[in-house]
Amino acid sequence: MKYPKEYLDEIKNRLKVSTVVSKTVSLKKRGKEFVGLSPFKNEKTPSFTVNDEKEFYHCFATSEHGNIFDFVMKTQNLKFGEAVKYLAQLAGMQPYMFSKQDEEREKKWNEYKSIFSHYVEFYHNELLKNENYSIARDYLKNRSLGKDEVKKFKIGYIEKNPNFFEKLKKDHNEQTLVETGLFYLDEKKKIYLERFRGRLIFPINNISGQPIALGGRIIENLDYLAKYINSPETNFFKKGSNLYNLDLARKLSNKIDHIYLVEGYMDVVGLSKNGIDNVVANLGTSLTDKQILTLNQFFDDIIICFDGDESGYKAAVRAAENSIKELKPEKQISFLFLPEKEDPDSYVNKNGKTNFIDFTKQSKLSIHQFIFSHYKKQTKNNPSSMAIFEKKLRAIANTIKDDFIKKYVLEYFLEKIAELTPHSNQNNKRFISKKTKSLESTKKYFKESQSLSGVELKEFSLLYLVINNLDLLQANTHLIENIKLFTEFNKKIFEMIIEKLKSSSHVAVQDLNLDVQLTEKINKFAPIKHILKNQSDDDQKIIELLEDISRDLMNYDLEFRIQELESKFSVDMSESTFNELKELKKKQNLN
């Protein structure tokens, strides 16, 4: 039996190609794509590309090409059904069982989608064209929302006494219609009523963009009615597994690494109207593990931005404690608190997109900073209160699933507590201080080295060898004079050294008049110094290392030329470009 198309589409929508491929291949970002060494062939330089936006991978070395299902089948030697099961598990989905019950459920699911699709379309069109809906239009106008926003989010309006149930009953039975949650039976009048009557409706779509539930907002000041209501949970809609606007926001994940998580539908619409489309809303419940895991599939930084009032703050605390357990080394969860009595919609409408983004950069707190700050406010300066404070923070840190993050979050908490108790644990404090300085030094080195490209590091190794072996290389300038460098500054220094070696009878380091900062940088970051540390002075060894570096830099040259041709090939796909690319690949693999 075949898997339903919707099931396969759901898997593809939940998983980026790069997420699946990175389980097997080490990928690096290059523009809109990722590159890595081919999993289909042994090679020294990357020829394998992944494009999340177009949902495919391509290997220039072997011409292998396909989607996530193809990749898993080919790299893990699996049949299609086995690949589907593997990817469904990775996407957090239930396996498809192909039982009669599953067939029946699939049939009901298609009917459920059909009902919601007709329902949303009907009331959306009514809002756009029905002249009697002035109350809804006036409300939207007061909220500075026009036709563009109504169309983009398929917003609709349901009058107070609608009768769409009777229209749907012509094609669907009463039980099925009630199971959607759109209708309920009035026991007194024995008639079916529409749950969202008298409200603006906001379709809640699944990740594929199909409406599966609704959010409704009252537009008249009626104290006896809740301002917002959501669809009840059904067999096909679970509030804790879905997010409003995720179907649209996820498409931005190739360009933007962060996502705003807000409380209300109007916050999403308001931010989007002001040019901030990387935003989703939870559905009236506490933030769940499933929602965090889903967002982590697409974005590296989740910025939780709730209303600037007491209820918004309490919701943020619950969200922090629920979501910190899913924190990972490569992911961030942050909190943004707006001024009192402001929500994201009102703030961005008053202050604009640029101000909102600047406010985010200046004011957001990482999740561990927020949790510490929150519980610190509740702690008094006495042993009992401090003990409860530390116990609570340790308990929160221990919920974190990733052991590395757990370790450093706990260290952060304990270091901050130590700052509050300066007269106790002096030895421990000195140890922490020493450890912190060492850690900061390591972080600084790592950050500086990360800013250097592989080519720069290789050039530093070359310059390190040359500067420390001037006598040897003055007698053998032919070994280095044809080596090509790529970084403009390093290239000029290298050419100056070769010129000195050729024109002088004897050259010492001080004769080179090298910039002190450059010399320090070379000595600090040249990877080759670690190789030479335990080696005895051996001219032959130095020559061999020079030949290795020369070969590596030649490969960099080939790689840059290949990258240019690959970019050209992706546009024109000509045979001559492809053949030229193949020749360079052959030359590259021979090296």
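**Close-up views of a predicted model**

**View 1. Helix α11 is largely enclosed.** Eight of the nine residues of helix α11 (residues 265-273) are buried, so the rest of the structure largely encloses this helix. Buried means under 20% relative accessible area, with a 1.4 Å probe and protein chains only; exposed means over 50%, and partly exposed lies in between. Helices (H or I, at least four residues) and strands (E, at least two) are DSSP runs, numbered from the N terminus. The buried residues of α11 are Tyr265, Met266, Asp267, Val268, Val269, Gly270, Leu271 and Ser272. Just after α11 comes Gly275, with a positive phi of about 90°.

This is a predicted model: local features need pLDDT of at least 70, side-chain atom pairs count only at pLDDT 80 or more, and totals for chains, interfaces and linings use all residues. Residues are numbered from 1 along each chain as its sequence is written, and side-chain values use heavy atoms, leaving out hydrogens and water.

**View 2. The largest nonpolar core has 55 residues.** A nonpolar core is a set of buried Ala, Val, Leu, Ile, Met, Phe, Trp, Tyr and Cys residues joined through side-chain atoms within 4.5 Å. Tyr119, Leu200, Tyr244 and Phe356 have the most contacts inside this core. Helix α5 (residues 100-129) supplies its largest share, eight residues. Another core, of 40 residues, lies apart from it; Val317, Tyr375, Met386 and Ile396 are among its members.

**View 3. Helices α5 and α6 meet.** The axes of α5 and helix α6 (residues 134-142) come within 9 Å and cross at roughly 80°. Axes are lines fitted to C-alpha atoms, for helices over the stretch in contact; angles run from 0 to 180 degrees between N-to-C directions. The two helices, α5 and α6, are therefore roughly perpendicular to each other. Angles under 35 degrees count as roughly parallel, over 145 as roughly antiparallel, 65 to 115 as roughly perpendicular and the rest as oblique. Leu127, Leu128 and Lys129 in α5 meet Ala136, Arg137 and Leu140 in α6. Contact means heavy atoms within 4.5 Å.

**View 4. Thr49 sits in strand β3 (residues 48-51).** Thr49 is buried, at a relative accessible area of 5%. Setting aside neighbours within four places in sequence, Thr49 contacts Glu33, Phe34, Val35, Phe56, Tyr57, His58 and Phe60.

View 5. Cys59 is buried, with a relative accessible area of 0%. Cys305 is buried, with a relative accessible area of 0%. A search of the whole structure finds zero disulfides (pairs of cysteine sulfur atoms within 2.5 Å).
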